[in-house]
Amino acid sequence: MTISSSSLSKVVITVSMIMLILVSSFNLNVGTSVDRTITLPWTVHVTINNKLNGLRLALHCKDKNHDLQLQIVPVGQSWTFLFHTTDFSNSLYFCRFSWLNGGIHAFDIYVDTRDAHLCQQCTWDISEKGPCRVSGKGAPVCYPWNN
């Protein structure tokens, strides 16, 4: 029995595609301080909840390369953004928050050195008193506004 080069090519392509699918869906176990299984790169979801007393929250978040534009979050609602990171990145997302008669407040909503091993789904409550991380290891944790 002889195999034609056309049939052999089809077999090689099929096997290659199967290998690609298997490799792309493979999760890499990486030992971290929270002992999580991650896929490199992994996605971080940051959710900001408006916990102001009856006021809409205006926020503007960005990092050094991405401006997420002005967002208006109604009372009791939330806004989420996501980004991709790796163990070798140094992600920093910072936000400005404002509300009626509340002034303008700043906070670093995601700091790689602070948050990477605490949460992959980082949820924050924003109130008049300041930002509180309400998900992930050690939550809830509240912080003062930046100077």
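Trainee: In which sense do strand β3 (residues 42-50) and β6 pair, and over how many bridges?

Mentor: Please keep in mind that this is a predicted model. In it, β3 and β6 pair in the antiparallel sense, and eight bridges join them. One of the residues involved is Trp42, whose bridge partner in β6 is Thr85.

Let us first place this pair in the whole chain. The protein chain has 147 residues, and 34% of them are buried. Its secondary structure comprises two helices and 11 strands. Along the sequence these elements follow the pattern α-β-β-β-β-β-β-β-β-α-β-β-β. Contacts across the sequence also matter for the picture: among those with a separation of 6 or more, 49% are between residues 24 or more positions apart.

The pair that you asked about belongs to an open sheet of five strands, arranged in the order β6-β3-β9-β10-β11 with mixed pairing. Its edges are β6 (78-85) and β11 (141-142), each of which pairs on one side only.

Strand β10 (residues 130-133) pairs with β9 in the antiparallel sense over four bridges, and a hairpin of two residues joins β9 to β10. Within this pairing, Ile126 has Pro131 as its bridge partner in β10. Strand β9 is mostly covered, since six of its seven residues are buried.

The C-alpha atoms of Thr123 and Gly136 are 8.1 Å apart, although the two residues are 13 residues apart in sequence.

In soluble globular proteins, nonpolar side chains tend to be buried together. Here the largest nonpolar core has 25 residues, and those that touch the most other members are Val46, Ile48, Leu57, Leu59, Phe97, Ile109 and Tyr110. At least two residues of this core come from each of β3, β4 (57-62), β6, β7 (92-98), β8 (104-111) and β9 (121-127). Strand β3 supplies the largest share, four residues. Leu57 gives a detailed view: leaving aside neighbours within four places in sequence, its contacts include Ile48, Phe97 and Ile126.

Asp115 lies in helix α2 (residues 112-115). Asp115 counts as buried because its relative accessible area is 0%, which falls under the 20% limit. Not counting residues up to four places away in sequence, Asp115 touches Ile109, Tyr110, Trp124 and Arg133.

Finally, let us consider the covalent links. A search of the whole structure finds three disulfides. Cys61 and Cys95 form one of them, with sulfur atoms 2.0 Å apart. Cys61 lies in strand β4 and Cys95 in strand β7, so this pair ties together parts that are 34 residues apart in sequence. Both Cys61 and Cys95 are buried. Cys119 and Cys122 form another disulfide, with sulfur atoms 2.0 Å apart, and both of these cysteines are buried as well.

The disulfide of Cys132 and Cys142 has sulfur atoms 1.9 Å apart. It links Cys132 in strand β10 with Cys142 in strand β11, 10 residues apart. The torsion about its S-S bond is about 105 degrees, so the disulfide is right-handed. When the bonded cysteines are numbered in sequence order, the pairing reads 1-2, 3-4, 5-6.

Methods:
Residues are numbered from 1 along each chain as its sequence is written. This is a predicted model: local features need pLDDT of at least 70, side-chain atom pairs count only at pLDDT 80 or more; totals for chains, interfaces and linings use all residues. Side-chain values use heavy atoms; hydrogens and water are left out. Buried means under 20% relative accessible area, exposed over 50%, partly exposed in between (1.4 Å probe, protein chains only). Contact means heavy atoms within 4.5 Å. Two strands pair if DSSP finds at least two bridges between them. A nonpolar core is a set of buried Ala, Val, Leu, Ile, Met, Phe, Trp, Tyr and Cys residues joined through side-chain atoms within 4.5 Å. A disulfide is a pair of cysteine sulfur atoms within 2.5 Å.
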